[in-house]
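Student: I'm new to this one. Can you walk me through it?

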Amino acid sequence: MANRLLEQAFELWIIPEVEARRAAGRLPDDFQLNMAQRIQRPDGTNLTRLNDEVRGLMQVGPIPGAAIGDDAYLDQITSIHSFDLIDEDLDSGHCTVIRLNGRWFTSFNFLTHRARCLDLLDKAKQFLKAAQDSIARGHSAVAVDTLFSACELVSKAELVSSHMLKMDSKSHGQIASSLNNWRKLGNIEGAFVDLFNRLGQLRPRYRYDAVFSELTPISSDDLDLVDAMIQDGIAKVSPHRPRDRSESVD
């Protein structure tokens with residue numbers, strides 16, 4: 001897969017960019033490609049960076065004689081353990097290739113709005129805590145409402161990062177429809193979608209009706225499930241994850 005990804009990166013992005021810059025006289029005659037990066041912004045625009053234009057954070061193997069805080073150069077690096085975008089670019093998808101010791105290191109992550117999705121998941125944690133506190137106080141209406149909000153924020157982060165929903169989507173129905181379609185594709189925990197749907201049905205009655213059961217229809221398993229989904233979502237969109245790494249031979 002890494003070889004195929006590298007071939008497509010050169011064919012679709014890197015070679016056309018090099019040729020365009022050469023035709024415009026923007027590359028020196030002795031240009032040698034050492035790094036390239038394709039940035040796919042959430043607004044649909046794309047950017048291809050070459051060599052020292054490439055930006056990111058790398059975790060590399062030990063560099064002999066180097067201390068923390070020292071500058072490091074590509075020819076000093078013997079191995080790359082992980083690579084991810086800097087915070088400024090984190091909402092964009094990327095494919096980055098770096099030539100190192102005759103091999104190409106390839107890192108990619110095509111999720112979008114990761115920084116903003118982390119904010120959504122942080123809010124989800126707050127609503128989950130509010131639901132837990134409400135259950136302890138016997139406030140069933142508030143517990144249902146706040147746990148539904150936590151589930152909806154988790155769902156939105158999952159759908160937005162996976163290009164299934166726009167960040168500015170705010171309709172309960174649109175999020176619910178997209179989430180259930182995502183489940184049909186086998187891409188999200190079915191038990192979580194069941195809980196989301198159940199809370200969505202209970203919420204109007206518990207929030208607006210004058211008469212409803214005082215018993216909170218939320219179990220500890222429900223709370224644990226939402227917490228697990230929040231943690232999984234954070235792990236998915238957080239930066240600097242080594243599992244995004246692959247290597248390809250020359």
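Predicted model: local features only at pLDDT ≥ 70, side-chain atom pairs only at ≥ 80, totals over all residues.

Student: Which residues touch the most other members in the largest nonpolar core?

Tutor: Leu147, Phe192, Leu199 and Val226 do, in a core of 40 residues. A nonpolar core here is a set of buried Ala, Val, Leu, Ile, Met, Phe, Trp, Tyr and Cys residues joined through side-chain atoms within 4.5 Å. Buried means under 20% relative accessible area, exposed means over 50%, and partly exposed is in between (1.4 Å probe, protein chains only).

Student: Which elements give two or more residues to this core?

Tutor: Helix 2 (114-137), helix 3 (140-161), helix 4 (172-184), helix 5 (190-208) and helix 6 (220-237) do. Helix 3 gives the largest share, 11 residues. Helices (H or I, at least four residues) and strands (E, at least two) are DSSP runs, numbered from the N terminus.

Student: What is Leu147 in contact with, leaving aside neighbours within four places in sequence?

Tutor: Leu128, Ala131, Leu199, Ile218, Leu223 and Val226. Contact means heavy atoms within 4.5 Å. There is also a second, separate core of 14 residues, with Leu6, Trp13, Leu27 and Phe31 among them.

Student: Back to helix 4. Which of its residues are buried?

Tutor: Ile175, Ala176, Ser178, Leu179 and Trp182. These buried residues of helix 4 pack against helix 3 and helix 5.

Student: How far apart are the end C-alpha atoms of helix 4?

Tutor: They are 19 Å apart, which agrees with the 18 Å that its 13 residues should span at 1.5 Å a residue. The expected span is 1.5 Å times one less than the number of residues.

Student: And His172, buried or exposed or in between?

Tutor: His172 is partly exposed, because its relative accessible area is 39%. His172 is found in helix 4 and touches Phe148, Glu152 and Arg203, not counting residues up to four places away in sequence.

Student: What about Ser134, buried or exposed?

Tutor: Ser134 counts as buried because its relative accessibility is 7%. Ser134 is found in helix 2, and beyond four places in sequence Ser134 touches His139, Val142 and Ala143.

Student: New topic. How much space lies in the largest pocket?

Tutor: About 310 Å³. On a 1 Å grid over the protein atoms alone, a pocket is an open set of points with protein on both sides within 12 Å along at least five of seven lines, a cavity is a set where a 1.4 Å probe fits but cannot get out, and lining residues have an atom within 4 Å of a point. Grid points are joined across faces, edges and corners, and a volume is the space filled by probe spheres set on the points.

Student: How many cavities of 30 Å³ or more does the structure hold?

Tutor: One. The largest cavity is lined by Ala9, Trp13, Ile14, Ala36, Gln37, Arg38, Cys95 and Val97.

How values were computed
Residues numbered from 1 in each chain as written. Heavy atoms only, no water.
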